[in-house]
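Let's take a friendly walk through the model shown here. Please keep the viewer open as you read.

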Amino acid sequence: MSTTHVAVFWWILAAVLFSIIHASPQPLHIRTQWNNGIDGYFIVSPSLLGRGWTATITCNKEIDQIEIWSAMLISSNIGSGKSTIVVRNDDIFSDGDSHPPEEVEIVVRMATDNNIPQCTTETNPISAPATTPAMNGRTTLLTTTEPPTPKDFNYSEALSLSILFYDAQRSGVLPADNPIPWRSDSAVDDHGDYGEDLSGGWYNAGDHVKFNLPMASSAHLLSWGLEIWKDAYQSAGQLDMMYDMLKWPLDYFLKCWNPQTQEYYAQVGKGKEDHRYWGRPEDMSKFRPMWRPAYKCTRNDQCSDVAGETAAALASGAIVFKDRNATYSNELLTAAKSLYAFAKSNQGTYGTTAIMDANNYYRSNSYKDELCTAAMELYKVTNDASYLQDAISFYVPNSKSWAFSWDDKNVQCALMLYRAQGSRHYAAQVDDFIRSYMPGGELTQTPCGLAWRLGVGPLRYAANAALVALMAVDEGFGGDAYKIWALKQINYMLGDNKQRMSYQIGYGTKYPQKPYHRASSCPDPPTSPCGWDNINNPGPSPQILWGALVGGPDVNDVYVDNHVGCDFNAGFQSALAGLIHLQNQGRLPSSSDPLQSQQIKNCVT
Ligand SMILES: *[C@@H]1O[C@H](CO)[C@@H](O)[C@H](O)[C@H]1NC(C)=O
Ligand SMILES: *[C@@H]1O[C@H](CO)[C@@H](O)[C@H](O)[C@H]1NC(C)=O
């Protein structure tokens, strides 16, 4: 078949699947429930992003109250023995900038005066899909009947590239040794209500908002990997680069937190305002000043999640910097302690009163997991048993996480508690989680063997789960099965896949050419203009966004250019460190091991 025919074939298949998925009602999933109410959620298929959709929620009972997040309520008929609620996409989704899954997960809170309702949801596009304009000309399709040949990937190279991606995300005044030639100083005026300097940190994804929850969770994941597998960074010759990279967000967090006033700035930039702009971060205020408000948590707000995660990143930073710069390590620890106390003192999620703008992008579902990991990091560095007691009290037992992600760290906490205490039930929870991702578990597996959680950023979920598996191996459980599974997930990302391409930009010879990323889509700075045409027109991005892991393929292993993000690379990079560590110890099977070719055999067109 010619490339066009293949494209047409996939398009028809996608259209058929699309109608199957959207015509039939799905159950409303329950996240939490209490005596007379639930927090339910449903996932809007990413194929509906960028166009309008409606969802009809039907329940078998009367409902007294409803609250909807991330969607708009159109109508509700809730008082006649049965309830029907219709919602539609929030305008935020039509900005042309679709985001990680927090944008496609719709949360419905319901309260009733009797039993918990049973509900289903049915999602439909407002108008039939014609083409996907934003993706015009950006599809990469291959046709082949041969399975990929297993090969030995160079994890050290992938690791060093990943560090470069974070260098490209830097905001603020860049150092003289900035390795990204098309980046320079930007957003140097970011400031708080009283002029506090808030320059620095990482831009979130392809946009220029600084969201501290995913930023801190990325920094923490990276630091955790360095803490456990420092030898990997050493053997890859990347130790100095890694410390340098990690210091960037940590320095920023130190600016954001003021223990005297008990104020923590946890977002700079406003989602909608920022996403309307397409261009370089260096030019954000060139033609008209962009409004970049700073949002903070005060002692009257609940910010346990974002402040907790930041405390975790700072405490983990204190651990890794201990033998590098004791002064800096102490600085990080002091801030981590006071920020943790702040997070713990007024418990709740940051979207409740403090930073509502974040709810549209990184709405946090719980704060106990962040308090738990923060307490564990503080316990590791101080050895103070009260932190361990805290962690145990915040840990949620017997809950199987949907994912290990910027939002949910319960499985990470289970790993940390297991390391500290060795109790089998923590390991059992980790096992449950990993098995749900492995073949035979709960997740859809693509024909080429990727554990596919969701259409937006599937690789990041698989990479994070692979990291959990490698951490488990490090703790002595899971054995070869976990090791091989993690290896295959990462190998998939580097080239053992249907596209025969690396999903990490710049790795190998074939990789994504046009990620959804403003800075790299622009021609050489500073003179050539840059705007929406630069992303909407076909053709590769002028700058190579070295090291970025893209969102990934669809459920059939087919790839259309998509997003990148700080949180996409973090678990991936730490998983690479885990693989290099095993390699250093001679414990990783090579490509000639028959175990490696199994999944690849299924991977033919
Ligand atoms: C892997 O990549 C690194 C960095 O690019 C390079 O120095 C090294 O020689 C490579 N290793 C192998 C086995 O090719
Ligand atoms: C160590 O950290 C302190 C505090 O951040 C800093 O002032 C100092 O320059 C650092 N020392 C080195 C050798 O980097």
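## An exposed asparagine

With a relative accessibility of 76%, asparagine 398 counts as exposed. Here exposed means over 50% relative accessible area, buried under 20%, and partly exposed in between, with a 1.4 Å probe and protein chains only. Asparagine 398 sits in the loop between helix H11 (385–394) and helix H12 (410–421); helices are DSSP runs of H or I with at least four residues, strands are runs of E with at least two, and both are numbered from the N terminus. Its phi is positive, about 55°, although asparagine 398 is not a glycine.

## About the model

This is a predicted model, in which local features need pLDDT of at least 70 and side-chain atom pairs count only at pLDDT 80 or more, while totals for chains, interfaces and linings use all residues. Residues are numbered from 1 along each chain as its sequence is written, chains are lettered from A and ligands numbered from 1 in the order in which they are written, and side-chain values use heavy atoms, leaving out hydrogens and water.

## Backbone details

Most residues other than glycine have a negative phi, and most peptide bonds are trans. Alanine 187, in the loop between H2 and S11, has a positive phi near 45°. Alanine 187 is buried, at a relative accessible area of 15%.

The peptide bond from proline 525 to proline 526 is cis, with omega near 0°. You will find proline 526 in the loop between helix H16 (518–521) and helix H17 (533–536).

## Helix H5

Helix H5 covers residues 239–256, 18 residues in total, and reaches 26 Å from its first C-alpha to its last. That is close to the 26 Å expected at 1.5 Å a residue, where the expected span is 1.5 Å times one less than the number of residues.

At lysine 247, H5 bends by about 25°, the bend being the angle between axes fitted to the seven residues ending there and the seven starting there. Proline 249 follows within four residues. The buried residues of H5 include Leu246, Trp248, Pro249 and Phe253.

## Salt bridges

How many salt bridges does the structure hold? There are 26, each a side-chain nitrogen of Lys or Arg within 4 Å of a carboxyl oxygen of Asp or Glu. One of them joins lysine 296 to aspartate 193, with the closest N and O atoms 2.8 Å apart. Lysine 296 lies in strand S14 (residues 294–297) and aspartate 193 in the loop between helix H2 (155–168) and strand S11 (210–211), so this pair ties together parts 103 residues apart in sequence. Lysine 296 is buried at 17% relative accessibility, whereas aspartate 193 is partly exposed at 48%.

Lysine 380 and glutamate 377 also form a salt bridge, at 3.1 Å from N to O. Both lie in helix H10 (residues 368–382), three residues apart, or about one turn of the helix. Lysine 380 is partly exposed at 31% relative accessibility, while glutamate 377 is buried at 0%. Elsewhere, Asp190, Lys210, Asp274 and Arg292 are linked in a salt-bridge network.

## Around ligand 2

Which residues surround ligand 2? They are Asn325, Tyr328 and Glu331, each having a heavy atom within 4 Å of the ligand. An oxygen atom of ligand 2 is 2.4 Å from an N or O atom in the side chain of asparagine 325. For glutamate 331, a polar side-chain atom lies 3.1 Å from an oxygen atom of ligand 2. Taken alone, ligand 2 exposes 360 Å², and the protein buries 34% of that.

Note on methods: A polar contact is a pair of N or O atoms within 3.5 Å; within protein, one must be able to donate a hydrogen and the other to accept it, and residues adjacent in sequence count only if both atoms are side-chain atoms. Accessible areas come from the Shrake-Rupley method with a 1.4 Å probe; for residues, only the protein chains shown count as cover.
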